[in-house]
Amino acid sequence: MDLSDFEADNSVSCRLASPVPEACKSEDCCLGIDEAGRGPVLGPMVYGICFCPVSRKEDLKDLKVADSKTLSEAERENLFLKLDKAKSFVGWALQILSPNTISTSMLQRAKYNLNALSHDAAIGLVQYALDCGVQLKEVFVDTVGPAEKYEEKLSQRFPGIKVTVRPKADSLFPIVSAASICAKVARDHIVKGWKFAEDLGEVDIEYGSGYPNDPKTKSWLLKYLDPVFGYPQFVRFSWSTAQTLLDSKAVTVHWDDDEEDGEKAAARQNNTSMLTYFSRSKPASAPTRETHRFFTERRLQSIDTL
Amino acid sequence: MAANGCVTAVQLGSLSQADKSQLHLLPCEVEHDGPADVAMFFSPTVKEHKCEKTVSFRGRGLKGQEVNCPQGYTGLVLKEAQRPSSDQEDRIVMVSSVFHNFTYWNLETPPTSDDCVVMAMAWPKLAEMIHAPVDG
């Protein structure tokens, strides 16, 4: 799997895809969608689609694809190679959501939650297949969330395509298993070979599974915590595991959209509270003129002491 | 000169030793007064497309651009070697770094000429003009 497009800039989202088989442009096709790396606090979340002509579903079964979670890493690698070899009738595409994309989206001013992010990634991939000329008739989706609502959303978005959303679809439909293998193999490779954009020198790659409850992941997160910057972009800052560690071990950072008590924020900014302002006697030389808007808009101020 | 009559002096001798580090003005308040590993964590992650720069800080997306100090001006970062124990004493500050430009960052919004930092840089020129003698 060639990940160089993503690795050239692993701070953004990236799409990788196989060539589209000619058979998929002329015959009715089915498509499976699955994700890898939703839970971990480290690394990207990868969305994968796999598609083939409806008439070739049995051939796909013969490749013995199964839910990626039930397979060993070596078995997944092997199956991915088989899928790649079946390029005369199987195509795939991936949307890699970098950890930095996940952090900055979820922590955006107008919050963009993980579900919305996942749905948009899935929709983007189906649209990509359609744009490539794949004759989609059936779409199968694995989900962890409420299946019915999601199914309705996708059916409305893609009229004329029969959409089936199921929990554990990756073990029910071979085309979803195939998608889950592509996504998982990509995530594994990316996490293993992560190139830190930060200048960290030799990085300890014993970060474990990346799941918050893995002791290896926990100790890695402690080791690479910087009091000012927090973490490298490999870490999802929006995960509560990361937030909790930062709250207790890094310096506090205030943003203007923090949900902070108004009076508290005001006191911090002026280093004084409203009450002391009222009780303080005015200095004799207090300026009586109000500052012109020109200066307040530019936050310019005359100062006579440091 | 401070209101209480004490003098704050800049030790100009420190100017020659001052470093010329790259400055970043962040759109947040960091409760920290001291060194930070900017070269390790921040600078290498800055991406640049045309004049717009992007980076993230603590998982939040920032967009920024470089601005120059007003012409004829030099930016100074001052550091007080020792804070006097009473407010009756004179104070001495050293120049810890010198800069002619810096990068300011907005939280998510692209930088524009309407940003307050950019507009603020116009003041010295304007001040000069309004204080200049009016020609016959």
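Reader: Which residue forms a salt bridge with R166(A)?

Author: Side chains of opposite charge can pair when their charged atoms come close. In this predicted model, the partner of R166(A) is E151(A). Their closest N and O atoms are 3.8 Å apart.

Reader: How many salt bridges does the structure hold over all chains?

Author: The count is 20. Across the interface of chain A and chain B, the rule finds 2.

Reader: Which side chain meets R60(B) in a salt bridge?

Author: That of D257(A). The N to O distance is 2.8 Å.

Reader: How should I read the area buried between chain A and chain B?

Author: The size of an interface is often given as the accessible area lost when the parts come together. For chain A and chain B, the figure is about 3,600 Å². Carbon and sulfur atoms give 62% of that area. F229(A), W255(A) and L306(A) supply 23% of what chain A buries against chain B, more than any other three residues. As for contacts, 41 residues of chain A touch 36 residues of chain B.

Reader: Back to helix α7 of chain A. At what angle does it pack with helix α6 of chain A?

Author: Two packed helices are described by the angle between their axes and the distance between the axes. Helix α6 (residues 114-131) and helix α7 (residues 147-157) of chain A pack at about 35°. Their axes are 12 Å apart. The crossing of α6(A) past α7(A) is right-handed.

Reader: Which residues make the contact?

Author: From α6(A) come S118(A), H119(A), A122(A), I123(A) and Q127(A). From α7(A) come Y150(A), K153(A), L154(A) and R157(A). By class, the contact has 4 nonpolar, 3 polar and 2 charged residues.

Reader: Across which strands does α7(A) lie?

Author: Across β5 and β6 of chain A. Its direction is at about 160° to β6(A).

Reader: What is the strand order in the open sheet of chain A?

Author: The 6 strands run β1-β4-β3-β2-β5-β6, with mixed pairing. β1 (14-17) and β6 of chain A are the edges, each with a single partner strand, so one side of each has no neighbour in the sheet. Neighbouring strands are turned by 15° against each other on average, direction ignored.

Reader: In what sense do β2 and β5 of chain A pair?

Author: Parallel, over 5 bridges. The strands are β2 (residues 29-36) and β5 (residues 136-142) of chain A. Within the pair, I33(A) stands opposite V141(A).

Reader: Now chain B. How many strands form its open sheet, and in what order?

Author: There are 5, in the order β2-β9-β6-β5-β4. The pairing is mixed. At the edges are β2 (24-25) and β4 (47-49) of chain B, and each pairs on one side only.

Reader: How many bridges join β2(B) to β9 of chain B?

Author: 2 bridges, with the strands running parallel. Strand β9 of chain B spans residues 101-107. There, T103(B) is the bridge partner of H24(B).

Reader: Last, a loop residue. Where is D90(B) found?

Author: In the loop between β7 (75-80) and β8 (91-99) of chain B. Leaving aside neighbours within four places in sequence, D90(B) is in contact with C6(B), V7(B) and P84(B). Compare sequence and space: D90(B) and T112(B) are 22 residues apart in sequence and 41 Å apart in space, C-alpha to C-alpha.

Note on methods:
Residues are numbered from 1 along each chain as its sequence is written. Chains are lettered from A and ligands numbered from 1 in the order in which they are written. This is a predicted model: local features need pLDDT of at least 70, side-chain atom pairs count only at pLDDT 80 or more; totals for chains, interfaces and linings use all residues. Side-chain values use heavy atoms; hydrogens and water are left out. Axes are lines fitted to C-alpha atoms, for helices over the stretch in contact, and angles run from 0 to 180 degrees between N-to-C directions. Helices (H or I, at least four residues) and strands (E, at least two) are DSSP runs, numbered from the N terminus. A crossing is left-handed if the near helix is turned anticlockwise from the far one by less than a right angle, and right-handed if clockwise. Contact means heavy atoms within 4.5 Å. Ala, Val, Leu, Ile, Met, Phe, Trp, Tyr, Cys and Pro count as nonpolar, Asp, Glu, Lys and Arg as charged, and the others, Gly among them, as polar. Two strands pair if DSSP finds at least two bridges between them. Buried area is the accessible area (1.4 Å probe) that two parts lose on being put together, summed over both. A salt bridge is a side-chain nitrogen of Lys or Arg within 4 Å of a carboxyl oxygen of Asp or Glu.
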